[in-house]
Amino acid sequence: MLSKEVLELSKQPSVIRDIFEFGMKRAKEVGAENVFDFSIGNPSVPAPKEVDETALQMLKEIDSVNIHGYTSNAGDQTVREQVAASLNRRFGTDYTGANIFMTIGAAAALGICFRTLTEGPEDEVITFAPFFPEYKAYAQGAGCKLTVIPAQEGTFQINLEALDHAVNEHTKAVLINSPNNPTGVVYTEENIQKLAELLERKQKEIGHSIYIITDEPYREIVYDGFEVPFVPNYYKNTLVGYSFSKSLSLPGERVGYIVAPTQAEDFEQLIPAFIAAARLLSYVSVPSLYQKVIGKCVDLTSDISIYQENKDLFYRSLSEMGYECVEPGGAFYLFVKALEEDAKAFCERAKKYDLLLVPSDSFGCEGYVRISYCVPTKRIEKALPLFQKLIDEYK
Ligand code: PLP
């Protein structure tokens, strides 16, 4: 007899994964070059060569370096110091290793933050739709409630008015994600400042701390003219969840971290609490080799200029054809208005041209599709005439 909760979740497989699997099956039938899979967010550029060279060097020195052992629960001390020093160089902070907790990607960072800040199913984390669908599973695993409110219509910035109404005595955290998956939107400094003001006011009214959890796997993938404000510099009760999956192209190596700023109200207890929460969620120790490799490569990114090139081409071409979408400031997704009310039906029509898009229902809002453009630019060039044919069907 298996857990009903787990069985229920097993009946809701990831729509994105399903489309990705369909793409692989279809590639066998018509040839990979004829299938345009814009479903999944797997970085298309390789990790910098320094990453592989560092890993190989460490393996060569294996007798003198302890590579395969467990690291400390909060992460390898040297790596924590290296991450802190990198943040200080970039954001004018004064962190030490004591502010950093290494995690198994952003997924574990978020689960651990949820488990640490909430007491049970009545306690809630508020987030904004459209949102990364796995947030629901992370909240369920941590035993708290995920309350979803809409982002600002049209701009997809943080919806302060809706948040003002939604925050209540059970709200323990507000989860934001910028650059955003699925919209590509980067929250403006003004939006972050106003969010900080609102939550300062609410904390006083309600009488307990309300944290911002900022989910930032795409922090470095930003386009010209856009800047991502470093949220702890605006609001002291902020936890940053970071991942090396996207900007360093290492999603399979499973390394990320949480920043616990010294200014946070519960700072003294936060790292021990993360250790305990991680134990409750069975996350013991982050993969050791890649923690250490990343410590040495912490200021590098893969060649993310390709995403800018893809974004410029895709956004400009689709807009000229008549598709509607907000220009992304970062990440590698376009969030495009579907050409009919039912986004799923629109995706089915796109499939006739072997264009694989993800309907926005999976992200908690209707009427859009997500197009993931972390693919070779040539794939986009080849797909554009098909997008033209698709829109022509609706004229
Ligand atoms: N948050 C967002 C917005 C994401 O897009 C992803 C992965 O795609 C994650 C979290 C999970 O990242 P990780 O691979 O580091 O667990």
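**The pocket and its ligand**

Tutor: The largest pocket holds about 1,000 Å³ of space. A pocket here is an open set of points on a 1 Å grid over the protein atoms alone, with protein on both sides within 12 Å along at least five of seven lines, and lining residues have an atom within 4 Å of a point. This is a predicted model, where local features need pLDDT of at least 70 and side-chain atom pairs pLDDT 80 or more, while totals for chains, interfaces and linings use all residues. Residues are numbered from 1 along each chain as its sequence is written, and side-chain values use heavy atoms, leaving out hydrogens and water.

Student: Which residues are closest to the centre of the largest pocket?
Tutor: Those are S14, F132, P133, E134 and Y138, out of 38 lining residues.

Student: And which element gives the largest share of the lining?
Tutor: That is α6, with seven residues. Helices are DSSP runs of H or I with at least four residues, and strands are runs of E with at least two, numbered from the N terminus.

Student: OK, where does the ligand sit?
Tutor: In the largest pocket; "sits" means that more than half of its atoms lie within 2 Å of the pocket's grid points.

Student: What about polar contacts?
Tutor: Those are pairs of N or O atoms within 3.5 Å. A side-chain N or O atom of D215 is 2.6 Å from a nitrogen atom of the ligand. For N181, a polar side-chain atom lies 2.8 Å from a ligand oxygen atom, and a backbone N or O atom of A107 is 3.0 Å from an oxygen atom of the ligand.

Student: How much of the ligand's accessible area does the protein cover?
Tutor: The protein covers 91% of the 400 Å² that the ligand has on its own, using the Shrake-Rupley method with a 1.4 Å probe.

Student: New topic: which peptide bond involving N181 is cis?
Tutor: The one from N181 to P182, with omega near 25°. Another cis bond joins S178 and P179, with omega about -5°. P179 lies in the loop between β5 (171-177) and α8 (189-206), and P182 is in the loop between β5 and α8 too.

Student: And what is the phi of R254?
Tutor: R254 has a positive phi of about 60°, although it is not a glycine. R254 is in the loop between β7 (238-243) and β8 (256-259).

Terms used
A polar contact is a pair of N or O atoms within 3.5 Å; within protein, one must be able to donate a hydrogen and the other to accept it, and residues adjacent in sequence count only if both atoms are side-chain atoms. On a 1 Å grid over the protein atoms alone, a cavity is a set of points where a 1.4 Å probe fits but cannot get out, and a pocket is an open set with protein on both sides within 12 Å along at least five of seven lines; lining residues have an atom within 4 Å of a point. Grid points are joined across faces, edges and corners, and a volume is the space filled by probe spheres set on the points.
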